[in-house]
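Hi,

Here's the structure I promised to pass along.

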Amino acid sequence: MASSRSLFSAALFVCMLAGAVAEDPYLFFDWKVTYGTIAPLGVPQQGILINGEFPGPIINCTSNNNIVVNVFNYLDEPLLLTWGGIQQRKNSWQDGTPGTMCPILPGTNYTYKFQVKDQIGSYIYFPTTGLQRASGGMGMLQVHSRELIPVPFDMPADEFAVLLGDWYNKGHKTLKKILDSGRSIGKPDGIQINGKSSKVGDVAAQPLAVMEPGKTYRYRVCHVGMKLSVNFRFQGHTMKLVELEGSHTVQNVYDSLDLHVGQCLSVLVTANQAPKDYYLVASSRFSKQVMSSVAVIKYKNGNGAASTVIPPPPAENRVGIAWSMNQFRSFRWNLTASAARPNPQGSYHYGKINITRTIKIANTHAVVDGKLRFGINGISHVNTETPLKLAEYFGLGDKVFTYNLMKDEPTEGDNKLVVAPSVVNATFRNFVEIIFENREKTIQTWHLDGYSFFAVAVEPGRWSPEKRKTYNLLDAVSRHTIQVYPNSWSAVMTTLDNAGMWNLRSDMLERTYLGQQFYFSVLSPENSLRDEYNIFPTQQLCGIVSGLPMPAPYH
């Protein structure tokens with residue numbers, strides 16, 4: 001893996017798009033992905049490191065920056081990285097999912113190039129190959145507002161990145177073998193915070209953050225777990241929510257916040273208590289056995305250990321679900337704040353747009369040929385040797401998948417699953433409503449690549465058209481994930497104005513791997529560079545398109 005190839009690839013990307021984005025800066029990164037020993041729960045295990053780090057390096061950038069990441073794969077297995085929440089405008093070529101890209105083979109490298117176009121906020125990157133996310137390879141991507149764009153809160157004294165979530169002591173290869181054998185991986189072993197798990201009274205715990213009395217700090221918190229929702233809270237301090245998945249929010253104050261798998265947010269915490277140590281507490285939600293972990297927050301020149309009396313979590317069971325739903329309803333889009341561009345977020349009146357398509361999806365599980373599978377509307381997705389996007393682009397889609405096996409509504413009373421690649425045709429620029437129905441007993445979290453959507457409702461029971469009366473059509477937060485509580489439904493709305501192949505998936509890794517996902521194929525009828533970039537000259541080809549001549553480029 002010669003470094004000259006890395007430099008050539010990066011230079012080629014720059015030259016290719018310089019005419020379109022010459023005014024926007026480029027940030028370059030070289031990442032070496034290796035195995036190494038980690039112990040998030042105190043048990044040594046093989047982890048996936050980036051430049052020797054777990055969690056991986058923080059990408060600190062500004063809206064509209066061009067990000068160039070040269071990834072060297074030193075693992076003994078293929079690798080892909082995705083950039084969760086980054087919309088990859090016109091550029092699903094770089095989305096990093098098995099349906100859009102060939103994996104980076106062991107002993108080779110690949111250079112990702114994408115722009116954080118008109119976005120701000122807190123995001124995560126992680127592997128999408130197999131179950132590698134269960135062993136690391138993840139980190140935070142922070143997108144700041146441009147200097148000329150006002151931010152609706154004073155500049156904090158500092159920022160702290162917090163990656164937390166449930167964790168398994170078994171490595172990703174062992175977990176994959178369990179799932180491939182047809183069994184579930186079961187419950188996690190604990191909760192980690194930035195790759196560590198400490199208990200109350202642990203004198204050896206290193207501080208996660210140091211705050212000066214009287215100053216205010218921004219904590220960017222992302223859930224990088226696999227299965228369980230968490231609740232986090234600061235001992236003795238309240239939190240002011242200011243950003244949720246790339247949107248400025250109405251700045252409500254909370255004692256604790258529920259965070260579901262794959263979600264990110266930002267809170268402001270003011271150091272206004274007696275100068276000593278305090279705990280950040282994270283505990284599992286809606287699970288039979290409550291798991292928890294703490295991290296130490298120090299005051300500069302403080303004197304005294306954190307109290308062993310930690311703030312309690314919210315209620316569980318039905319009371320806890322109602323509490324969590326109400327907290328979701330309290331999240332509101334800040335209509336007067338500027339987004340990545342100078343126009344206020346509220347200048348886009350999504351509630352006045354006519355819905356052109358409604359897709360109602362229901363998650364299910366079943367045993368197929370003696371093995372556990374998960375699916376959506378009767379289809380359990382499987383990845384293909386040839387990425388779906390490449391097969392479609394080369395005109396060979398019919399040799400790899402069939403469009404629209406998954407229908408727009410689930411079949412009532414039929415829990416059977418068909419195992420096949422799942423691609424849904426969507427009309428470019430249609431305004432769609434997606435209903436997520438969860439008829440199971442566990443909470444779900446969903447993510448859509450390529451877009452943000454308006455999360456207009458989360459309610460108990462079953463959805464029906466008259467439930468649209470409950471929608472928030474004024475100031476629902478624009479985001480890319482949505483949770484669905486047990487025996488409940490959630491509704492989102494978005495305009496499919498980003499041409500490409502885009503993954504809609506469960507953020508629960510076990511469910512994703514075993515089929516609870518599909519891809520939207522959003523094709524522009526114009527075949528124009530206005531709507532989608534050409535395939536990059538450095539794009540890796542594999543499967544049935546390997547070695548084929550490139551199709552005619554867009555103009």
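Cys102 and Cys542 are joined by a disulfide, with an S to S distance of 2.1 Å. Do keep in mind that this is a predicted model. The bond links distant parts of the chain, 440 residues apart: Cys102 sits in the loop between β5 (81-84) and β6 (109-115), while Cys542 is in the segment after β33 (517-523). Its S-S torsion is about -95°, so this disulfide is left-handed. Both Cys102 and Cys542 are buried.

The structure holds two disulfides, and the other one to look at runs from Cys222 to Cys264, again with S to S at 2.1 Å. Here the two partners come from strands: Cys222 belongs to β12 (residues 216-223) and Cys264 to β18 (residues 264-270), so the bond ties together parts 42 residues apart in sequence. The torsion about the S-S bond of Cys222 and Cys264 is about 120°, which makes the disulfide right-handed. Cys222 is buried, at a relative accessible area of 0%, and Cys264 is buried too, at 2%.

If you number the bonded cysteines of the chain in sequence order, the pairing comes out as 1-4, 2-3.

Cheers

Terms used. Residues are numbered from 1 along each chain as its sequence is written. This is a predicted model: local features need pLDDT of at least 70, side-chain atom pairs count only at pLDDT 80 or more; totals for chains, interfaces and linings use all residues. Side-chain values use heavy atoms; hydrogens and water are left out. A disulfide is a pair of cysteine sulfur atoms within 2.5 Å. Helices (H or I, at least four residues) and strands (E, at least two) are DSSP runs, numbered from the N terminus. Buried means under 20% relative accessible area, exposed over 50%, partly exposed in between (1.4 Å probe, protein chains only).
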